[in-house]
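Open the structure in your viewer and keep the selection tool ready. We will go stop by stop.

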Amino acid sequence: MSWGTELWDQYDTIATHTQKGIDFCERFTHFLKDRCSIELKYASDLKRLVKNYQPKKKEEEELQQYSWAVKFWEMLKELHDLAGQHEVIAENTQSQVLKDLQGLISEIKTQRKQDLQEGAKVQDQLKASHSQLEKSKGKYEKAFKLAEKATEDYRKADADINLSRAEVEKTRNQMMIKNNQCDECKNEYAAQLQQTNQFQRDHYTQHMPAVFQQIQNMEENRINKIKSVVKQVADIERSVIPIINTCIDGMVKASDGISAEEDSKAVIDKYKSGFPIPGDFPFEDLSNPSSVINTSNANGTPKNAVEYRKGTVSDKKRNKKEKKGGGGLFGIFTSSKATINKIIGLLGEESKEDFSDLPPNQQRKALNKKIDEFKKEIARETAEREGMLKMKDVYVNNPALGDPNALEKKIEENAQKIDSLQAEMRKYQGYLANMDAKPSPAGQRRNSLSDDSISQSSATMDMSQTSLSGAPQIVQNEPEVYTAIDEDIDHTAEFDHPDFDEEEGFPVIGTCRALYPYEAGNEGSVAMTEGEEMFVLEQDQGDGWTRVRKHDNSEGFVPTSYIQCHFYDQDEV
C-alpha cells in the first residue's frame with residue numbers, strides 16, 4: 001500500500017506521525033543508555049561484592065584445606081566472570097547499537113525535513129494554481145457582467161426614439177467592446193482552468209505521492225532499524241549466555257566439590273595432636289592416710305614429700321586450686337587448650353627448627369611440609385642450572401653468541417645453593433626419620449654431663465632411696481611445710497626434702513604431674529603413667545625435654561608437653 005494514494009489528504013497527519021516516530025527513537029536511545037548504566041552498575045556491584053568477600057591472606061592460609069571454603073572462593077571467581085559478561089553487554093550495546101541508533105535518528109531528521117520541504121513546495125504550487133484560477137474566474141465574471149450591462153444598455157438605447165442615431169451607435173460599439181473583453185476573459189479563464197486541473201491531477205497523482213512515498217520509505221526504514229536494533233540487543237545478550245552458563249556450571253561444580261567427609265578429615269589432620277587419651281583418676285580414700293599415700297604413690301607422687309593435717313583436705317584449698325587452674329581436671333583442660341592454641345598458631349610464637357614443640361602428629365606434618373618446600377626449591381634451581389649449562393654449550397659451540405666463562409660464576413653459585421638446600425632437606429629428613437625413635441635431646445644432655453656429676457647424682461639417688469624406703473616422715477616443728485599430692489591441694493605450699501643435699505647432683509626445683517602416659521623408648525628417658533607426680537630437676541632447655549626424678553629415685557627425661565610443672569621460684573615471687 002502507498003500512502004500517496006491511500007492518505008492523499010492526510011499530509012499534516014503524516015508529518016505529525018513521523019515526528020512521533022523520531023521521538024520514539026530518541027526515547028529508545030535513552031532506554032538503551034539506562035540499560036547500559038544498570039548493567040555496568042550491576043557488574044560493578046557484583047565485583048565489589050566479590051572483592052569484599054575475598055579471603056585475607058591469613059584466612060586463606062587457615063581455611064585453604066577445607067573444601068567448603070575453597071569452593072566458595074571458586075564460586076566468587078565464577079561470579080566475578082559473570083559480572084564481566086554484564087560489562088560486555090553494556091559495552092557492546094554502547095559501541096554497536098547506540099551509535100547506529102543515534103546515526104539513524106540524525107538521518108531520519110534530515111530526510112524528514114527535506115521531504116516536508118518538498119511537500120510544502122508542491123502544496124504551495126497547487127495553491128498558487130488555485131489562486132490563479134480564482135483570479136481568472138473572477139476577471140471573467142466581472143467582464144461577463146459588464147458585457148451583459150452593455151448589451152442591456154444598447155437594447156434600451158435602440159428602443160428609445162428620443163436618442164439620436166449617433167448615441168445609439170455609440171452604445172452598440174460599447175456593447176461590442178464589452179462582449180469582446182468578456183470573450184477574452186472567458187478564454188483566459190478556460191485556459192487557466194484547464195491548466196489548474198492538469199496541475200491538480202499531477203499534484204495528487206504524481207507530485208504528492210512521490211513525497212508521500214519518500215516519507216513512507218523513511219518511516220519504514222526507521223521501523224526496520226528499530227526491529228534490527230531490538231534483535232541486535234537480544235543477540236548481544238544471547239552471545240554472553242554460553243559464558244554465563246559456563247560460570248553457573250562452574251558454581252554448580254564448585255558446590256559438587258564440597259565434601260563433608262574430606263573436611264572432617266582435614267580437621268583431624270590439622271588439629272590432631274597424637275597424644276593418647278588421659279586415663280581415669282584413681283580414687284583416694286582420705287580417711288586412711290596410708291591408703292591415700294599408697295594411691296598417690298601409684299600415681300607417681302613421692303612418699304615422704306607430704307604431711308597431712310588430720311588426714312583431710314579443706315574445701316577452701318580445693319576451691320583455690322580450681323580457681324588457679326593449676327591441677328585436676330581443670331588443669332588438664334587448660335593445658336590442652338594451650339596445646340591446641342600453639343598448634344593453630346594463636347600464641348604468635350615461632351616454632352623450633354625441628355618443630356619438637358608441636359605434638360607428634362603436627363610435628364610430622366610440619367616436617368613433611370618443610371621437606372616438600374625444599375624439594376620444590378631444589379627442582380627449580382636444578383632446572384635453572386640445566387638451562388645455564390645448555391646456554392654454556394651453545395656459547396662454546398658459537399662464541400659469537402656470548403662468553404661461556406661469564407656463566408661459570410652463576411653456575412658455581414647455583415651449585416652451592418643446591419648443595420645448601422640439599423643439606424637443609426637432609427637435616428629435616430633426619431628430623432622426620434628420628435621423630436619416633438631418635439636419640440632424645442635428653443640423652444645428649446645426659447652424655448654431656450661430667451663423670452663427677454654422674455657419680456654425685458648416683459650418690460644422691462642412693463641416699464634418697466634409703467630415705468624414701470621407709471614410712472612417711474612427718475616434718476616436726478614446721479607445720480606449714482608440705483607439698484600437695486592431690487590436684488585439690490594448693491600447689492603454692494613449699495616442698496622440703498629433709499634428706500636431700502642440694503649441693504650434690506641436681507637440686508629439686510619443683511614438682512610436675514604427668515598429663516599423659518609415656519613409654520621410655522630412648523636412652524636417658526623414663527616412663528611415666530598418667531597422673532604420676534614427680535620432682536623436677538632441670539627445666540626444658542629448649543629441646544622439648546625436662547629432667548625429672550620419680551618416687552623410686554629413678555631419673556631421666558620426659559617430654560615437656562606431656563607434663564604440667566610447678567616451680568618453687570614461683571612461690572617466692
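Here is a tour of helices, charged pairs, cysteines and a sheet.

**Before you start**

This is a predicted model: local features need pLDDT of at least 70, side-chain atom pairs count only at pLDDT 80 or more, and totals for chains, interfaces and linings use all residues. Residues are numbered from 1 along each chain as its sequence is written, and side-chain values use heavy atoms, with hydrogens and water left out.

**Stop 1: helix 5**

Select residues 165–256. This is helix 5, with 92 residues. Helices (H or I, at least four residues) and strands (E, at least two) are DSSP runs, numbered from the N terminus.

Now centre on His 203. Helix 5 bends there by about 50 degrees. The bend is the angle between axes fitted to the seven residues ending at a residue and the seven starting there.

**Stop 2: a pair within helix 5**

Stay in helix 5 and show the side chains of Asp 235 and Lys 231. They meet in a salt bridge, 3.3 Å from N to O. A salt bridge is a side-chain nitrogen of Lys or Arg within 4 Å of a carboxyl oxygen of Asp or Glu. The two residues are four apart in helix 5, so about one helical turn separates them. An α-helix has 3.6 residues a turn, so residues three or four places apart point the same way.

Is Lys 231 buried or exposed? Lys 231 is exposed, with a relative accessible area of 53%. Asp 235 is partly exposed, at 30%. Buried means under 20% relative accessible area, exposed over 50%, and partly exposed in between (1.4 Å probe, protein chains only).

**Stop 3**

Select Glu 237 and Arg 35. Their side chains form a salt bridge of 2.8 Å, N to O. Glu 237 lies in helix 5 and Arg 35 in helix 2, so the pair ties together parts 202 residues apart in sequence.

Next, pick Glu 26 and Lys 109. This salt bridge is 2.7 Å, N to O. Glu 26 is in helix 2 (residues 11–52) and Lys 109 in helix 4 (residues 67–159), so the linked parts are 83 residues apart in sequence. Glu 26 is partly exposed at 26% relative accessibility, and Lys 109 is partly exposed at 40%.

The count comes to 24 salt bridges. For a network of them, select Glu 377, Arg 380, Glu 381, Glu 384 and Lys 417.

**Stop 3: cysteines**

Find Cys 25 and Cys 36. Each counts as buried: Cys 25 at 1% relative accessibility, Cys 36 at 1%. How many disulfides are there? The count is zero, where a disulfide is a pair of cysteine sulfur atoms within 2.5 Å.

**Stop 5**

Five strands form an open antiparallel sheet, in the order 4-3-2-1-5. Strand 4 (555–559) and strand 5 (563–567) stand at the edges, each with a single partner strand, so one side of each lacks a neighbour in the sheet. Two strands pair if DSSP finds at least two bridges between them.

Select strand 2 (residues 533–538) and strand 3 (residues 545–549). Three bridges join them. Val 536 has Val 548 as its bridge partner in strand 3.

Finish at strand 4. Five bridges join it to strand 3, and Arg 549 stands opposite Glu 555. Five of the five residues of strand 4 are buried, so it is largely enclosed by the rest of the structure.

Methods:
The expected span of a helix is 1.5 Å times one less than its number of residues.
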